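Let's take a friendly tour of a protein model together. Have the sequence and the 3D view ready as you read.

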Amino acid sequence: MESDQEEAGLEWQVGVWDRISRIYLQDVDQRFAPVVENVVARAGLKSGQQVLDLGTGTGAVMERVAPVVSPRGDVVGMDISRDMLALAQQRLAGRGLTNVSLREGRAETVPADDGVFDVVLASLSLMYVIDRGAAAREIARVLRPSGRLVASVWAGPEECDIVLFQQTAGRFAGTPPVPGVGPGALADLSSFLNQLADVGIKARVETETLGFDFDDFASAWHTLASVTTAHLAPERQQEAKEAVMAVMYPDGDGPRHFRNVTQFIIGEL
Ligand SMILES: C[S@@+](CC[C@H](N)C(=O)[O-])C[C@H]1O[C@@H](n2cnc3c(N)ncnc32)[C@H](O)[C@@H]1O
């Protein structure tokens with residue numbers, strides 16, 4: 001990919017994550033908690049370990065992991081979005097956690113020395129990484145020998161309602177500046193597993209059916225699509241809403257369960 005295109009893509013992504021950060025903390029975090037729990041459960045964490053949380057967002061994984069690895073272990077959270085990091089900082093300080101630190105950076109160029117982490121976690125973040133081959137190399141570089149990677153990614157729209165919702169709305173939002181990123185981008189994991197194998201990380205995939213609920217269409221739209229469609233003209237926004245309603249609320253508005261098949265990558269160096 002041309003580096004200009006990658007730069008434009010990154011700038012666009014940072015803007016979206018910055019703008020979404022408050023909604024994320026208020027309305028998304030609680031819904032993604034079962035995914036975070038499943039990531040942490042597969043990490044086999046022990047007291048004293050050094051952990052990197054790639055794409056930490058508002059710090060949900062860090063909050064869960066820091067007490068497990070304390071007092072001698074530390075958790076470093078990394079993200080491209082300063083606004084996400086600011087909310088993570090407030091959240092972690094509010095819990096009185098001291099074995100945590102945050103860094104601005106990309107999975108493609110992790111700001112850390114070689115071989116310093118026992119575990120790398122990446123909950124629902126790798127689908128947004130523009131150069132996943134580079135991210136695989138960086139994960140292998142910062143892991144110590146026999147270190148572990150645990151990541152979660154959504155399955156495809158036919159099995160994962162959040163992906164169906166966001167892809168249907170996204171079709172109205174214009175072409176993003178970079179291809180191949182988005183909630184369903186790692187539904188097929190074969191290329192990424194090869195990229196991990198190329199850098200010496202042997203990985204397997206486990207699948208769980210998880211989910212969350214919304215009381216009505218308006219709250220689902222606000223949470224999952226209001227930021228990414230905010231720039232659209234009102235008529236175009238309305239078309240996008242009608243398309244999502246038609247696909248996901250065929251019986252009309254009301255409470256809806258989102259059934260989200262979720263894939264967990266468990267890798268070892
Ligand atoms: C869906 S959120 C997940 C946040 C958190 N891990 C969780 O499970 O709640 C995705 C996060 O990945 C971050 N992200 C996207 N691309 C990234 C990249 N290339 N490197 C690091 N973080 C990235 C976004 O800024 C966002 O905070």
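Here is a look at the backbone and at the ligand's surroundings.

## Before you start

This model is predicted: local features need pLDDT of at least 70, side-chain atom pairs count only at pLDDT 80 or more, and totals for chains, interfaces and linings use all residues. Residue numbers start from 1 along each chain, following the sequence as written.

Helices (H or I, at least four residues) and strands (E, at least two) are DSSP runs, numbered from the N terminus.

Most residues other than glycine have a negative phi, and most peptide bonds are trans. With that in mind, find S70 and P71: a cis peptide bond joins them, with omega about 5 degrees. P71 sits in the loop between helix 2 (60–69) and strand 2 (74–79).

L124 is not a glycine, yet its phi is positive, about 55 degrees. You will find L124 in the loop between strand 4 (117–123) and helix 4 (132–142). S146, in strand 5 (residues 143–154), also is not a glycine and has a positive phi of about 70 degrees.

L124 is buried, because 23 other C-beta atoms lie within 10 Å, whereas S146 is exposed, with 8.

## Around the ligand

Which part gives the most to the shell around the ligand? Helix 1 (3–43) does, with 4 residues. Helix 2 and strand 2 are also among the elements that each supply at least two.

Notes
Buried ≥ 20, exposed ≤ 12 C-beta atoms within 10 Å, placed from the backbone.
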